[in-house]
Amino acid sequence: MPTIIALDVSLSMSRPIPNQPSSTGGSGSAESDNMVTFHHLAVQGINYVLDYLTKHARLEYVSLIIYSSLYEVVVDFTRDYDSIRNALHKIEHYDKTCLENVLVAVNNAFKAHWGSQNYCQIIFITDCGVGMGPSSLKNTIINLQSYKAACAAAATAAAATSDGSKTTGTVGSNSAAIPAPGENQWVGFSYPSKLSFMCLGSLSTDSAFRCGTKLYMQLLEVSGQKGQLFIPRMKMKQEESGGSETPPTTGDDSEDVMRQLTRASALESFATMCDINYRQFEATLRCGGYFRLEEPVTVWPAPLPYTARDVLGAETTKLMSRRLEVCGFLRMSDIGSPMSVSRHLILPRNVGSLVVGSSDEGGKPSTNGGLKNGHGHSSAEERLEADIKAFYAKSDTADHHQHEDHGLDGADVNKESVCVLLHGALKVENMAALVLVGDNWYGFIYSYADGKKKWNLMLNVLPPGSDVVPWLGDLRYLGTLEDAFQGENPSFPIKADKRSYSQTIVVWIRHASLQSDIQKVLRHAKKLPEKTQHFYKELNRIRRAALSLGFVELLEGLAHIFEREISTLPLNASPDCSMQLTHAAIELRKTNNRDLKSVIHALPTQYNQLA
């Protein structure tokens, strides 16, 4: 899930934030150097986002773009966040803001690297400047509304054309043509994405900022783009000294003087954005019925809701379950390459309550059984395992010198991991685990190499349903080899009862294919009467294919070829040969044989023994 950070570097971002506490006793130049500007808050916010990704999503690819009236890709997609931090110190300010140019640039840059199927997080950091002139945000919204209205009119015309008569086909096709957007016109992103605007300003004290946020919100509504505006929550001055927080500002002018934009409120909005957009998907991976074969994991990137549309147009949204159940194992060669919805990494999640075999305060091993996801169990199986571990722990302390904190350290080193066990088994056996990720929704977990030495546990999510891999059959009915009935072949692939293709299909994409079919008919014609059945079988096959394609001229061409072959037959040829060729030429020219269900039969003669 790549991320694009677009930083506004227009002149308005170099303004100092209002209502800053002034330092006394210093020179004017020193005070100007210590003034915090909107650009400083933006840089600190970007550093906060990078620190958050380093801690929670270090595999995220990030790109940095700066824009004013033009744009520049400062850092391309990378996982080296230090290069982005270093580039932030070399940024200069330019002229006015032009949002449409950078929106088009972001759309093209992402498609060039990742295509149109991946999900992208787009973060704009700005003071909500709207620009001026033809490139202003207001004109961008007007042009976008005009384009949407033209597309709606074209769709209405297309629906009316399809419902009405087909006599005005040319006029309908021209009226139903969808207009193409301009070269630098933004009409929305052509890939799944979320657009987040980090708005730096005060709604209560800055009227231009209030107007800008309304236009930015209108841009999201008109374009239909999934997105959100994050506005710093203003605090009263007395709250800066430790008072309780107040609700978000509503623009009350009576408290305008008391409210101010601060570094804390700006970073708070960045923290809110990170928590919403980069929230980890935490789940539990369970492999079998044994209580130890269960571990909390993190699925990265977080799976998106899957929306399916049926024939009638009704949409159904499904969410992945927080409990991943391993149902069985299959060979990788049997699975092949099925269609998938998304791919994710399975990463083990460290939970403090999962430490197994920890010591109590007295240094003695705990005898209350293990813990399973933080919940105690008291089954006989768990108590037996706890007693066995306690027995071996006593023997180890008797033979070796132990430190006081040996219990916790030993538990951390020797802690069981289902991910490590599953990854090692799948890698060695070259197999994949069939996992249930939701209600009638499956996926495959397998070992994946991201380089020569980096091996990961990968989750390949299939489309919802149990019969989505044809050569495996219904996934609900898979079983072990021991469950197969006597005389049943349990191997893959599963043979379908009704094939989706025909073996007698005729393909004439190239002229050589048509030529070879005609030559085959002529070869059978020269061997009449022995090849009478084969001759008419191939003749009817070609005739049906020509009629299906509307290639009626081929029938007349075959009749001419047969008449020419009669004149070129050798003297020792059978008389039945010329009789059958003449009969075939006459039948091909008859209009009642233009039906696909009709069949041309052989002419009974004394030579072919059909009379």
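This is a predicted model: local features need pLDDT of at least 70, side-chain atom pairs count only at pLDDT 80 or more; totals for chains, interfaces and linings use all residues.
User: How many helices and strands does the protein chain have, and what makes a stretch a helix or a strand?

Analyst: The protein chain comes to 16 helices and 19 strands. Both are DSSP runs numbered from the N terminus: a helix is H or I with at least four residues, a strand is E with at least two.

User: What share of the residues is called buried, and what does the word require?

Analyst: Buried means under 20% relative accessible area, exposed over 50%, and partly exposed in between (1.4 Å probe, protein chains only). Of the 611 residues of the protein chain, 39% count as buried.

User: Why is Glu-325 called partly exposed?

Analyst: The relative accessible area of Glu-325 is 25%, so the residue is classed as partly exposed. Glu-325 belongs to strand E13 (residues 323-331). Leaving aside residues up to four places away in sequence, Glu-325 touches Arg-286, Leu-434, Val-435 and Leu-436, where a contact means heavy atoms within 4.5 Å. Glu-325 and Glu-294 are 31 residues apart in sequence, and their C-alpha atoms are 9.4 Å apart in space.

User: What makes strand E10 largely enclosed?

Analyst: In strand E10 (residues 294-300), 7 of the 7 residues are buried, so the rest of the structure largely encloses the strand. Glu-294, Pro-296, Thr-298 and Trp-300 point one way, Glu-295, Val-297 and Val-299 the other, and all are buried. In general, side chains of a regular strand alternate between the two faces of the sheet.

User: Which strands are joined to E10 by bridges?

Analyst: Two strands pair if DSSP finds at least two bridges between them. Strand E9 (residues 281-287) is joined to E10 by 6 bridges and runs antiparallel to it; strand E14 (residues 342-348) is joined to E10 by 4 bridges, also antiparallel. Val-297 of E10 is the bridge partner of Ala-283, and Val-297 also stands opposite Pro-348 in E14.

User: How do you know which strands stand at the edges of the open sheet?

Analyst: The open sheet has 6 strands in the order E3-E2-E1-E4-E5-E6, with mixed pairing. Strand E3 (71-78) and strand E6 (227-230) each have a single partner strand, so one side of each has no neighbour in the sheet, and these two stand at the edges. The twist averages 15 degrees from one strand to the next. Strand E2 (residues 62-67) pairs with E3 in the antiparallel sense over 5 bridges, and Leu-64 has Val-75 of E3 as its bridge partner.

User: How do you know that the length of helix H4 agrees with expectation?

Analyst: The expected span of a helix is 1.5 Å times one less than its number of residues. The 16 residues of H4 should span 22 Å, and the end C-alpha atoms are 22 Å apart, so the two agree. Among the buried residues of H4 are Leu-99, Val-102 and Phe-110. Just after H4, Gly-115 takes a positive phi of about 80 degrees.

User: Why are the buried residues of helix H12 said to line one face?

Analyst: Val-418, Cys-419, Leu-422, His-423 and Leu-426 are buried in H12. Seen down the helix axis, the buried residues of H12 fall within an arc of 120 degrees, so they line one face; the arc is that of the directions from the helix axis to the C-beta atoms. The face turned away from the buried side of H12 carries the exposed residues Val-420, Leu-421 and Val-428.

User: What makes a set of residues a nonpolar core, and which element gives the most to the largest one?

Analyst: A nonpolar core is a set of buried Ala, Val, Leu, Ile, Met, Phe, Trp, Tyr and Cys residues joined through side-chain atoms within 4.5 Å. The largest has 49 residues, of which Leu-7, Ile-46, Ile-125, Leu-200, Met-273 and Phe-444 touch the most other members. Helix H2 gives the most to this core, with 9 residues.

How values were computed. Residues are numbered from 1 along each chain as its sequence is written. Side-chain values use heavy atoms; hydrogens and water are left out. Axes are lines fitted to C-alpha atoms, for helices over the stretch in contact, and angles run from 0 to 180 degrees between N-to-C directions.
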